[in-house]
Amino acid sequence: MSQREFLRQMPGHTGSTLNPGLASRLHLDAPLLTALLMLMLAGLTVLYSAGGESMELVWRQCLRFGAGLTVMLLVAQIPPRSYRFWAPFVYTGGLLLLVLVLVMGVEAKGAQRWLPIPGLGRFQPAEIMKLGVPAMVAWYFSERTLPPRLMDVVIALLLVGMPAMLIGLQPDLGTAILIAASGLVVLFMAGLSWRLIAIAIILVVTAAPLMYYFVLHDYQRNRVDTFLNPEADPRGAGWNIIQSKTAIGSGGVQGKGWLEGTQSRLDFLPESSTDFILAVLSEEFGLIGICVLLIMYLVIVGRGFFISWQAQETFARLLAASLTMTFFIYVFVNMGMVSGLLPVVGVPLPLVSYGGTSIVTLLASFGMLMSIHTHRRLISY
Amino acid sequence: MRRPLTLKDHHHEQRIFSVRLMVGVILVLLLTLVLFSRMIWLQIIEHNRYTTLSDNNRIQTQAVAPPRGLITDRDGVILAENRPDFSLEVVVEQAGDLEGLLGKLRKLVTLDDDDLDQFEKRRHSARRPWEPVPLRGRLTEEEIARIVVNQYRLPGVRIVADPIRHYTHGILFSHVLGYVNRINAQDLDDMSLDQQRNYAGTHFYGRSGVERFYEDRLHGQVGYRQVETNARGRILRVLDEQPPVPGRDLRLTLSMKVQQAAYDALGDRRGAVVAIDPRDSSVLAFVSRPGFDPNLFVTGISHKDYSAYREDHDKPLFNRALQGRYPPGSTIKPFMGIAGLDAGVTNWQRTIFDPGYYQLEDNPHRYRDWKRWGHGRVDLHKAIVQSCDTYFYDLGFHLGIDRIHQYLSEFSLGQPTGIDLNNESTGILPSKKWKKAARGRPWFHGDTINASIGQGFVLVTPLQLATATAILASHGKQITPTLAAGEVHHTERHDLVLKDADNWQKMTDAMVDVTETLHGTAQNMRNDQYRVAAKSGTAQVFSVGQDETYNEKEIADRLLDHALLIAFAPADDPAIAVGVLVENGRHGGSTAGPVAHQVMDAWLLNDKGELDVPPPLAGAPGADNNGKETP
């Protein structure tokens, strides 16, 4: 019996609805892939409406999905031990690029985030770190005994802190926090003691006001102010959040119908195809649409957690859990921000919002999950 | 790679991880619940509120201004109409570099400081985002062309057409038509709520003249339009529409021909002409000179133009015909004569001797006649024809001021005529009661003597003179001068019925002799086509405003007597009554006479110069009975 056939018969390997043989041969996880494709399809549907029925926008998004899926397919072929081997190098390289971006990066919209690649355009080194940081911290803990000792925690915090700091200096607070979160999730999953977690929470709560006054840039402080009281400047800074809440609220249970959302289609809702696309979905498909979307996300997250639970080594477990959790944090931060629960930080709704390198990074991380799941060995320990 | 130490307890590590993973799953579910609750809050509990907000965003109810009624003369010649006015607007949000844009616009169209000040003010006042801000009105065709050609480099700039009032004959009808200008907060404050609603879409408001008096009729009823707009304020579709009811057109009794003749006849002199058709109370001409260009006021007059009008010593904004108060001088004499006859104080046979002055008993003061050596023996007929002051001193003295007041009131002298215009001046027709109240002093005989020849306290408007003349021409039948055709106005005055109705005809005869006999004071009005009854007047100007500065030549000029004249024609079947005033015109007959003559010609003669009296307006009061009592 070949390894692959044996795997298929393993308990917990819930076959695929598509084509179990093909999916496994390609190192793809059929349930995860199915859920992702459905989410993308839903995303394209909303995008068509949000972009004013522009097929061009949809095609360009499809192109990105295609690129992302290709990368996912490639990433899935690489066995997890290679990731583990390469993690320190990728991390170190990413750190150097982050320093480089501060020195010679291209400025756009008041922040220095881009690194020009001659002949290819430009890219954000922070994207590498979205995968690099959790991989690095997972690598670090896979080399140590768990639960981590205090010294290991300090070193892990440094590994997380350095790139987060560099990204925060660009300044790109949203990405910095999310990357830090992806690293901290590894720390949490590795068994960071509850006492330390409690201390950390107390520290963050007390430090937040100090951060507000001494660390944040003016534009970031404005965002927090706007979050706390959007009505203070309804025509200016508060406009986005008021209009997005109006879009969501006016959608009601059933929504106004596809292509019928007045808030987005009459241009009242800014950023309607990118960060605020959730408002379009809520307006046109109502609470029912939100439920369907949440369920799709929960299926993906659940499958991710299942994969990490099934993983055979510490590195793979920690990495899979972190990537899954980070994915959910993206969802939560975006939905929280659009519905007025959280301040406006530029986080797209994963796989639904139009644009960017984030789609490729995101699908690459799912490629890693699939790789972890499809490269299991018969005997792990 | 693995060191022995790390191999220690995989089961333990997996157990820790599993617990943590469970915590993670619970955390995810909790946070999902938070999001879900938030959505329930927004989409179910607050749903109605946000639906309202969303509708308010996109649906706007726009008031649609009704088109203002047109104003025509009696023959349908358009005097006031609505023309599209092209104005320049800027959507500030689209403009980007506003300073740069204004700089570019400056090179294409003239923008003065007034325009820019207004623009800044409007830009900073409360408005919706993307709402355009008006920058300049009254673009010329050349300017429009220049803007359109350069449109591509003028982001946010657009040209819009709005109907605005246009007075086709400008200055000619300025004092009677008045003008509209932008409605302001004060106007709206003065309105009832219903009216305010009716003016929701209206930009213009009748400010003076006929435009003001007939504002309600000309304005019409506001309409509404529910539109869906996008965030940029662009109208995407009309959801519901209730069209406005246009204002009613207004046909005036004025005759273009007569108005023009009166305007031209006055020339550059300061003065006023009012002509009334006694058969139907129509006002045929209503002129006050100098006038002003009403079109300048419509979209807001510039400081420069306005101060030019304000500082002009000739006061072009002052409506002399309606509000100018002048001593009537000798033009009061026919009315005094009627009063004396009816009160029994005099008759056509009674004579007095005029030595050139009049003296009250036990008073050395001599009231002088204009003719130094006197007119000799004078009866009423001769006193009218030659304008003998002494005869009327005597007549007035015997009538007494209170009877003078009573009779002259019926001629609308010193009384509001009731014309359909606002802010009509009353003038002064003195009485004992009036002097006590106004001046706090008792009435003296000397006051009566002065009043008897239209001097002293007596002040009347040119409109009142014309009205009195029309009443005289229609043998006492009351005339309320009317500008709107088909409109009937009433005043408190009663028809004046004389004890002996023949006295009307005899007075007319005397007035005809003013124009037809050798000694008449207005012989220049005599003509072959029709007979004219007239009375000239020359009023002393006894004061010049102390706070006004004039150069010497001007002082002398403005101290000259005012020239007045009243006339009606044809004498046997009057179809026009005219009151003329020429400020500082010196002699009533020679200065004001030709003016009245030209006005009458314009009405009574056809293009070939033949007598061709136009019929009275159909449906007007008294149109069937031409106002004459059959003797």
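Axes here are lines fitted to C-alpha atoms, for helices over the stretch in contact, and angles run from 0 to 180 degrees between N-to-C directions. The model is predicted.

**Chain A and its helix packing**

Chain A holds 15 helices and three strands. Of its 381 residues, 50% count as buried. Among contacts in chain A between residues at least 6 apart in sequence, 69% link residues at least 24 apart.

The axes of α14(A) and α15(A), the latter covering residues 358-374, come within 10 Å and cross at roughly 145°. This crossing of α14(A) and α15(A) is left-handed. On the α14(A) side, A:A316, A:L319, A:A320 and A:L323 take part, and they meet A:S365, A:M368, A:L369 and A:I372 of α15(A). By class, the contact of α14(A) with α15(A) consists of seven nonpolar residues, one polar residue and no charged residues.

In soluble globular proteins, nonpolar side chains tend to be buried together. The largest nonpolar core in this model has 117 residues, and A:V137 and A:I277 have the most contacts inside it. Helix α14(A), residues 314-338, supplies the largest share of this core, 17 residues. Leaving aside residues up to four places away in sequence, A:I277 touches A:V46, A:L47, A:A50, A:S272, A:L349, A:V352 and A:S353. Another core, of 114 residues, lies apart from it; among its members are B:A261, B:L322, B:F335 and B:A383.

B:F335 also belongs to the buried part of helix α16(B). This helix spans residues 333-343 and is mostly covered, with nine of its 11 residues buried. The buried residues of α16(B) include B:K333, B:P334, B:M336 and B:L341. Just after α16(B), B:G344 takes a positive phi of about 80°.

**Sheets of chain B**

Strands of a sheet pair through backbone hydrogen bonds, either parallel or antiparallel. One open sheet of chain B has three strands in the order β1-β9-β10, with antiparallel pairing. Its edge strands are β1(B), residues 59-64, and β10(B), residues 235-242, each of which pairs on one side only. Neighbouring strands of this sheet are turned against each other by 30° on average, direction ignored. Six bridges connect β1(B) with the antiparallel strand β9(B), residues 223-229. Within this pair, B:V64 stands opposite B:G223.

A five-strand open sheet of chain B runs in the order β14-β13-β21-β20-β19, again with antiparallel pairing. Seven bridges join the antiparallel strands β13(B), residues 271-277, and β14(B). The bridge partner of B:G271 in β14(B) is B:R289. Helix α22(B), residues 462-473, lies across β13(B), β20(B) and β21(B), and runs at about 150° to β21(B).

**Backbone exceptions**

| Site | Angle | Location |
|---|---|---|
| A:L146 to A:P147, cis | omega about 0° | A:P147 in the loop between α6(A) and α7(A) |
| B:R289 to B:P290, cis | omega near -5° | B:P290 in the loop between β14(B) and α13(B) |
| B:S281 | positive phi of about 65° | loop between β13(B) and β14(B) |
| B:S412 | positive phi of about 70° | loop between α19(B) and α20(B) |

Are the two serines buried or exposed? A residue is buried if 20 or more other C-beta atoms lie within 10 Å of its own. B:S281 has 31 other C-beta atoms within 10 Å, so it is buried. B:S412 counts as buried because it has 29 C-beta neighbours inside 10 Å.

**Contact between the chains**

The contact takes 37 residues from chain B and 43 residues from chain A. On the chain B side, the elements giving two or more residues are α1(B), residues 10-45, and α2(B), residues 47-58. Helix α1(B) gives the most to that side, with 20 residues. The chain B side divides into 18 nonpolar, 11 polar and eight charged residues.

Note on methods:
Residues are numbered from 1 along each chain as its sequence is written. Chains are lettered from A and ligands numbered from 1 in the order in which they are written. Two strands pair if DSSP finds at least two bridges between them. Helices (H or I, at least four residues) and strands (E, at least two) are DSSP runs, numbered from the N terminus. Two residues are in contact if their C-beta atoms, placed from the backbone, lie within 7 Å. Ala, Val, Leu, Ile, Met, Phe, Trp, Tyr, Cys and Pro count as nonpolar, Asp, Glu, Lys and Arg as charged, and the others, Gly among them, as polar. A nonpolar core is a set of buried Ala, Val, Leu, Ile, Met, Phe, Trp, Tyr and Cys residues joined through C-beta atoms within 7 Å. A residue is buried if 20 or more other C-beta atoms lie within 10 Å of its own, exposed if 12 or fewer, and partly exposed in between; C-beta atoms are placed from the backbone. A crossing is left-handed if the near helix is turned anticlockwise from the far one by less than a right angle, and right-handed if clockwise.
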